[in-house]
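The stops below proceed one selection at a time.

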Amino acid sequence: MSRGGGKGLSLKDKLDGNELDLSLCDLNEVPVRELAALPKATILDLSCNNLISLPSDFCSLMHLVKLDLSKNQLQQLPLDFGRLVNLQHLDLLNNRLVTLPVSFAQLKNLKWLDLKDNPLDPVLAKVAGDCLDEKQCKQAAVKVLQHMKAIQSEQDRQRQRKLQAEREMEKKREAEQRAKEAQERELRKREKAEEKERRRREYDAQKAAKQEMEKKAKKETVQTRKPASSSRPAQPPRHKHSWSRSVLRVLLFLLLGVLCTLAACKLTELQRQPLCISVNTLYEDVLAALQNHKTLQNMLQQNSQQ
């Protein structure tokens with residue numbers, strides 16, 4: 001195994017029981033594939049190397065129980081570092097760590113932890129405390145796990161609140177969309193009703209116009225069939241006609257009576273009676289007046305001609 005790439009000498013040559021010592025090898029990367037082939041190596045020492053970061057597949061080495069990463073240049077741990085659920089002992093002394101991944105809270109079997117000589121966040125540094133003896137390192141493991149669990153819970157709550165807010169926002173959008181669709185349906189329904197009402201009015205108007213035209217045509221047909229009656233002058237009211245006829249009848253009866261009386265007084269023996277004498281005298285006076293009137297008319301006519 002070379003110092004740079006971790007290849008060459010087989011890792012089996014460094015395996016001592018269940019302990020694999022790769023310290024002081026000038027490693028700048030971890031030979032994860034070779035380590036995964038040695039599930040018996042539950043204790044791994046990678047201290048005093050040049051490791052800046054751990055590859056993401058490092059967290060697949062779930063068989064590790066004790067891990068020494070002290071005196072490297074690690075700036076951060078993989079986000080899924082918590083997958084190493086069997087890890088009980090973790091040494092991170094003298095690295096460049098500021099924070100730990102939230103998944104660190106999943107290391108439920110962790111019993112020993114050393115985070116000294118790292119530029120830790122002040123809150124995390126206070127929680128971790130010193131690891132000067134076995135007791136302090138065990139307390140550091142317990143306190144850091146509790147701290148990381150609290151952070152994980154808070155992040156979970158934040159995610160839940162964010163998810164709830166997103167759900168409420170989605171519900172609000174859906175409600176707005178439903179309201180908009182309902183409004184559009186109502187608008188289409190109203191427009192449809194208005195269109196139906198407009199067509200109904202047009203139909204009624206056409207029907208009324210058609211009936212009017214039929215009525216007019218029928219009237220013209222009747223007038224064509226009875227031209228005489230249509231050209232006949234308007235007759236006077238019936239009661240006036242009856243009254244005129246009655247007056248005419250009375251006059252005719254009077255005239256007939258006068259003629260009969262005159263004839264009786266002229267032609268019968270009654271002409272010597274006083275009544276007939278008066279009638280005959282009146283008759284002769286009327287004739288004389290008519291003759292005088294005719295003579296006067298002739299004279300006037302002659303004067304006018306002269």
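Select Asn94 first: Asn94 sits in the loop that runs between strand E5 (89-91) and E6. Helices and strands here are DSSP runs numbered from the N terminus, a helix (H or I) having at least four residues and a strand (E) at least two. Asn94 has a positive phi, near 55°, in a residue other than glycine. Most residues other than glycine have a negative phi. The relative accessible area of Asn94 is 37%, so Asn94 is partly exposed; buried means under 20%, exposed over 50% and partly exposed in between, with a 1.4 Å probe and protein chains only.

This is a predicted model, in which local features need pLDDT of at least 70 and side-chain atom pairs count only at pLDDT 80 or more, while totals for chains, interfaces and linings use all residues. Residues are numbered from 1 along each chain as its sequence is written, and side-chain values use heavy atoms, with hydrogens and water left out.

Next, select Asp26, in the loop between E2 and H1. Asp26 is not a glycine, yet its phi is positive at about 55°. With a relative accessible area of 35%, Asp26 is partly exposed.

Move on to Pro39, in the loop between helix H1 (32-36) and E3. Is Pro39 buried or exposed? Pro39 is exposed, its relative accessible area being 51%.

Two strands count as paired if DSSP finds at least two bridges between them. For a detailed view, select strand E2 (residues 19-21) with strand E3 (residues 43-45), which pair in the parallel sense over 3 bridges. Within this pair, Asp21 has Asp45 in E3 as its bridge partner.

**Salt bridges**

How many salt bridges does a search of the whole structure find? The search finds 12, a salt bridge being a side-chain nitrogen of Lys or Arg within 4 Å of a carboxyl oxygen of Asp or Glu. Side chains of opposite charge can pair when their charged atoms come close.

Select Asp114 and Lys116, whose salt bridge has its closest N and O atoms 2.9 Å apart. Asp114 is buried at 4% relative accessible area, whereas Lys116 is partly exposed at 21%.

Then go to helix H3 (residues 134-225), where Glu195 and Arg199 lie 4 residues apart, about one turn of the helix. Their side chains meet in a salt bridge with an N to O distance of 2.9 Å. Glu195 is partly exposed at 28% relative accessibility, and Arg199 is exposed at 53%.

Glu197 and Arg200 form another salt bridge, at 2.6 Å from N to O. In helix H3 these two residues are 3 apart, so about one helical turn separates Glu197 from Arg200. Glu197 is partly exposed at 31%, and Arg200 is also partly exposed, at 41%. Finally, select Glu195, Arg198, Arg199 and Glu202 together: salt bridges that share partners join them into one network.

**The disulfide**

Select Cys131 and Cys137, which a disulfide joins with an S to S distance of 1.4 Å. A search of the whole structure finds 1 disulfide, defined as a pair of cysteine sulfur atoms within 2.5 Å. The torsion about the S-S bond is about 100°, so the disulfide of Cys131 and Cys137 is right-handed. Both Cys131 and Cys137 are buried. For other cysteines, select Cys25, which is buried at 9% relative accessibility, and Cys48, which is partly exposed at 29%.

**The largest pocket**

To end the tour, select the lining of the largest pocket: Gly257, Val258, Leu259, Thr261, Leu262, Val279, Leu282, Tyr283 and Val286. A pocket is an open set of points on a 1 Å grid over the protein atoms alone where a 1.4 Å probe fits, with protein on both sides within 12 Å along at least five of seven lines; lining residues have an atom within 4 Å of a point. The space in the largest pocket is about 170 Å³, a volume being the space filled by probe spheres set on the points, which are joined across faces, edges and corners. Helix H5 (238-267) and helix H6 (274-305) each supply at least two lining residues, and H5 gives the most, with 5. By class, the lining has 7 nonpolar, 2 polar and no charged residues; Ala, Val, Leu, Ile, Met, Phe, Trp, Tyr, Cys and Pro count as nonpolar, Asp, Glu, Lys and Arg as charged, and the others, Gly among them, as polar.
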